[in-house]
Amino acid sequence: MSLIQTLPTGPLDIVGDIHGEFDALLQLMAHLGYDSEGRHPDGRTLVFVGDFCDRGPNSPAVLELAQKLVQSGRAVAVLGNHEINLLREDAKDGSGWFFEARVERDHEKFAPFQRPTLEQRQEIVAFLSKLPIALERQDLRVVHAAWQEAQIEAVRRLPEGSVRDEYDRWEQVAQQQARESALQERMEQELEKWAHGLENSQRQPPFLHAHAEFEANKQMLNPLKVLTSGVEQGGAAPFFSGGKWRFAERMPWWDAYTDSTPVVVGHYWRRVHKIDRGAVGKGDVDLFEHTHPFAWHGQRGNVFCVDFSAGGRWLERKSGVTVGHDFKLAALRWPERVLQFDDGHVQGTTGFGAEEVAQKVL
Ligand SMILES: [Mn+2]
């Protein structure tokens, strides 16, 4: 089986990035009308867009339930960038629930969080190793971050289970290219001149050109990376995101998406209310600044980001405000195009198929 697989037939409920928020997932499933086994009286099927884990209080329980639903054939799922980090043992900000090396540092920021037993760890890796990168059928496409035709075609040729090895291989290619083109040397020179490193949020580095070039190269070279963490290009100013200073910024790829098939993604931290992105460690450009919270987006109005930033709930717990006020878990019901939120709120979406191109011309 390929890493690009077929979506089930019938009506779907496409669930956004969960990030360890197990209670929100249970609430959402109940509001959608699923029982705990994932059965729905109207024969609907759950679809997960990835980013099940990291930051939130109970990633093991989320993954255990997802595994149960997927293995019983009652749900399908694609990998998010956070699952790929886990598979590659790349311990990043918020992954201390899984990685020993990160526990202490993450405790301060995200605790309390459940950690998996040895048996759960093995189950998690076995489950994630088998997930596809994208799902498709005639009327819909689902991928974690970006639907890009060339990268989809490259990944279509890769067999199920090959994500970790293929991803590692591309990382090596990027590093080799950097060494051969002296980019690596220029990056080292940049770091010699900047003594504070790239993980100190209080110390903003100058724009490091070689770093920007390397980040963008590394991102765009690797088809698995493009599909699961999006399209990037060298930015104009350094920004702090995901625990480190970065120089390549996310691009709204949907503005160049001209296919007629709608795409549903997660990943991009959309929000219902205005949130302080810097406070949740997202210092980059807000790609939804000029998009209505419930609107379809992109050139043809046929792309929808269903990630409503549940991954920021740790901040609400820390600051003592109502958990879930700003950071929500949502599902997009298809073909109805209605949003169901974990707090019970139901919301229609707007602008599907809107002729934004024509509007821009006017
Ligand atoms: Mn993501």
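Q: Which residue in β11 stands opposite Val 15?
A: This is a predicted model. Strand β2 covers residues 12-15 and β11 covers residues 330-334. The two pair in the antiparallel sense over 4 bridges. Opposite Val 15 stands Ala 331.

Q: In what order do the strands of the open sheet run?
A: The sheet has 6 strands, and the pairing is mixed. The twist averages 25° from one strand to the next. The order is β4-β3-β2-β11-β12-β13.

Q: Which strands stand at the edges of the sheet?
A: An edge strand here has a single partner strand, so one side is left without a neighbour in the sheet. Residues 75-77 and 346-348 form these two strands. They are β4 and β13.

Q: What angle does the direction of helix α1 make with that of β12?
A: Helix α1, residues 22-32, packs on the sheet. It touches β2, β11 and β12. Its direction and that of β12 make an angle of about 130°.

Q: Which strands does helix α2 touch?
A: Helix α2 spans residues 59-71 and packs on the sheet. Its direction makes about 115° with that of β4. The strands touched are β3 and β4.

Q: What is the radius of gyration of the chain?
A: The chain holds 12 helices and 13 strands. For 362 residues the globule rule gives 21 Å. The computed value is close to that, so the chain is as compact as a globular protein of that length. The radius of gyration is 20 Å.

Q: What share of the residues count as buried?
A: A residue is buried if 20 or more other C-beta atoms lie within 10 Å of its own. Of the 362 residues, the buried share is 43%.

Technical notes:
Residues numbered from 1 in each chain as written. Predicted model: local features only at pLDDT ≥ 70, side-chain atom pairs only at ≥ 80, totals over all residues. Pairing = 2+ DSSP bridges. Axes fitted to C-alpha atoms, helices over the stretch in contact; angles between N-to-C directions. Contact = placed C-beta atoms within 7 Å. Rg over C-alpha atoms; globule rule 2.2 N^0.38 Å. Buried ≥ 20, exposed ≤ 12 C-beta atoms within 10 Å, placed from the backbone.
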